[in-house]
Amino acid sequence: NSIPLSMKSSNVKVVRSCRICHSRKLYRFLDLTPMPIPNGFLKKEDLKKKEPYYELSCYFCENCGLVQLTNVVNPSIMFSNYVYIPSTSKIMMNNFSNLAYCANNLIKLDGKKLVIDIGSNDGSLLKFFKIYGAKVLGIDPAKNIAKLAEMNGILTEVKLFNLTTAKTVAKKYGKATVITATNVVAHIDDLHQLFKGVDKLLSSDGIFITEFPYLLDLVQKNEFDTIYHEHLSYFSLKPWLHLINQYGFEIIEAQRLFIQGGSIRLIHKRKNKSKGSYQKTINYLIKLEESHGLYDKSAFDKFSDRVSNLRTEIITTLKKLKKEKKKIVGYGAAAKGNVLMHYFNINSKIFDYVVDSTSYKQGLYTPGNHILVHPEQKLLTDHPDYAFILAWNFADEIIEKRRDFKKIGGKFIIPIPKLKIV
Ligand code: JHZ
């Protein structure tokens with residue numbers, strides 16, 4: 001279980017101690033074998049070029065419980081030209097609308113208050129804050145997607161978030177009353193710098209709201225494919241509290257969300273002495289985490305065994321269907337789908353193609369196994385027998401939307417939390 005030596009690539013940094021508590025007692029429980037970055041979709045002309053493969057192993061900190069990767073791929077490789085946008089999903093948009101509503105309930109927003117979104121993507125969260133009349137600013141390193149945000153009227157600083165960015169932004173725009181960071185904290189290698197930055201940028205009575213996939217859901221529902229290079233940390237509450245305490249923050253609200261396979265929304269403010277009612281929720285969640293073994297490495301060994309069994313079961317099923325000459329395609333060119341296809345050895349002999357609603361992904365090839373991405377409508381003209389839902393976190397939304405595919409006899413395969421054919 002020792003940490004392998006650096007792959008000697010200038011594009012990878014190897015971290016040898018825990019991102020939160022700095023302990024060196026990191027226990028490797030899962031090895032998904034080296035693969036290209038899962039959002040690294042390719043143009044046809046690039047298919048012959050050598051794709052860089054990066055190690056993908058996951059570790060548990062025996063001291064504070066943070067689950068994490070130790071190989072950090074240079075963020076500019078992963079995020080400068082990004083293909084993921086949340087606005088293709090109604091569920092994601094409803095969640096953003098709810099987040100802005102909650103924030104407005106806590107802090108009455110108006111034209112004098114600034115809301116800053118870290119990892120603002122196409123501005124789809126900030127759009128909802130504008131409805132409440134707040135001033136908004138996005139921070140995101142993806143040039144291509146920031147352009148989209150600007151077209152949607154969301155002012156965006158094209159930068160990675162760190163302490164330097166926080167200082168520059170505070171000087172240029174003033175302090176924020178609300179800072180949000182959804183599905184981005186796990187991308188940040190230096191979590192201490194994140195909190196130093198938030199501390200610099202947040203007004204004294206401001207709130208910091210974050211959402212990320214919750215480790216409890218990941219483990220309970222076998223969501224192994226959400227483990228990939230972009231996600232450096234997989235949080236449970238104890239290590240998170242360990243981190244925020246150091247920077248004088250406390251949680252004032254914690255809500256479990258069903259998006260992205262199970263996430264958690266945490267709302268923070270600067271500590272004051274009175275203990276809020278949130279403490280009960282936190283204690284309850286920590287007990288729940290403990291009862292599922294989240295602070296014991298043996299739970300992660302068991303998780304790893306379950307993933308391995310799921311792999312065998314799905315590979316066997318797909319091979320059987322191919323023997324029966326069934327046509328199978330992938331549904332949703334999600335980053336997690338690329339991890340799953342890689343780990344399950346799914347190639348173009350098994351899936352004829354993948355369909356996806358994101359226009360940026362259409363016409364490109366999936367990293368590693370080079371399967372072409374088509375628009376979703378192809379299912380209706382091509383009539384494959386099975387659509388394997390790679391974006392299983394949207395299975396309900398997809399099945400509901402694609403009743404037309406079911407009508408023409410198509411079946412759906414859902415791989416996670418366990419294999420299901422509908
Ligand atoms: P989706 C992303 O992971 C990346 P991914 C990121 N690193 C992160 O942290 C997590 O999200 C949380 C398509 N689709 O959202 C759109 C349809 O085709 O699960 C997407 O390409 N039809 C930021 O990439 C993909 O599926 C539909 O009806 O694993 C879903 O990708 C719907 C609803 C989606 O994220």
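This note goes through a predicted model point by point, from confidence to sheets, helices and cysteines.

1. Confidence. The mean pLDDT of the protein is 95, and 97% of its residues reach 70 or more. Residues 1-8 have a pLDDT below 50; beyond near neighbours in sequence, this stretch has 24 contacts in the model.

2. The four-stranded sheet. Four strands form an open sheet in the order β2-β3-β4-β11, and their pairing is antiparallel. The edge strands are β2 and β11 (233-234), each of which pairs on one side only. For the student, the background is this: strands of a sheet pair through backbone hydrogen bonds, either parallel or antiparallel.

3. Pairings within that sheet. Strand β2 covers residues 26-31 and pairs with β3 over five bridges, in the antiparallel sense. One place to look is Leu 26, which stands opposite Cys 61 in β3. On the next step along the sheet, two bridges join β3 to β4 (residues 67-68), again antiparallel, and Phe 60 stands opposite Val 67 in β4. Finally, β4 pairs with β11 over two bridges in the antiparallel sense. Here the bridge partner of Gln 68 is Ser 233 in β11.

4. Strand β3 itself. Are the residues of β3 buried or exposed? Five of the five residues in this strand (57-61) are buried, so that β3 is mostly covered.

5. A hairpin is formed by β3 and β4, with five residues between them. Within the turn, Gly 65 has a positive phi of about 95°.

6. Helix α10 and the sheet. Helix α10 (297-323) is among the elements that cover the buried residues of α11.

7. Cysteines. How many disulfides does a search of the whole structure find? The search finds zero. As background, a disulfide is a covalent bond between the sulfur atoms of two cysteines. The cysteine sulfur closest to that of Cys 21 is in Cys 61, at 3.6 Å, which is too far for a bond. The cut-off used for a disulfide is 2.5 Å. The sulfur of Cys 64 has its closest cysteine sulfur in Cys 18, at 3.7 Å, and this too is too far for a bond. Cys 21 counts as buried because its relative accessibility is 16%, and Cys 64 is buried with a relative accessible area of 10%.

8. The six-stranded sheet. An open sheet of six strands has the order β16-β15-β14-β17-β18-β19, with mixed pairing. At its edges stand β16 (373-374) and β19 (420-421); each has a single partner strand, so one side of each is left without a neighbour in the sheet. A parallel pair in this sheet is β14 (residues 328-331) with β17 (residues 386-389), joined over four bridges. The bridge partner of Tyr 331 is Ile 389 in β17.

9. Helix α11. Why is α11 (residues 335-343) described as largely enclosed by the rest of the structure? The reason is that eight of its nine residues are buried. These are Ala 335, Lys 336, Gly 337, Asn 338, Val 339, Leu 340, Met 341 and Tyr 343. What covers them includes β2, α10, β15 (351-355) and β17. Just after the helix, Asn 345 takes a positive phi of about 55°.

10. Helices α5 and α6. The axes of α5 (residues 163-173) and α6 (residues 191-201) come within 8 Å and cross at roughly 10°. The two helices are therefore roughly parallel to each other. On α5 the contact is made by Leu 163, Ala 166, Lys 167, Val 169 and Ala 170. On α6 it is made by Gln 193, Lys 196, Gly 197, Lys 200 and Leu 201. When reading such lists, recall that an α-helix has 3.6 residues a turn, so residues three or four places apart point the same way.

11. Ser 203. This residue lies in strand β10 (residues 202-213). Ser 203 counts as buried because its relative accessibility is 14%. Leaving aside neighbours within four places in sequence, Ser 203 is in contact with Lys 175, Ala 176, Thr 177 and Arg 270.

Methods: Residues are numbered from 1 along each chain as its sequence is written. This is a predicted model: local features need pLDDT of at least 70, side-chain atom pairs count only at pLDDT 80 or more; totals for chains, interfaces and linings use all residues. Side-chain values use heavy atoms; hydrogens and water are left out. Buried means under 20% relative accessible area, exposed over 50%, partly exposed in between (1.4 Å probe, protein chains only). Two strands pair if DSSP finds at least two bridges between them. pLDDT is the predictor's confidence in each residue, from 0 to 100. Contact means heavy atoms within 4.5 Å. Axes are lines fitted to C-alpha atoms, for helices over the stretch in contact, and angles run from 0 to 180 degrees between N-to-C directions. Angles under 35 degrees count as roughly parallel, over 145 as roughly antiparallel, 65 to 115 as roughly perpendicular and the rest as oblique.
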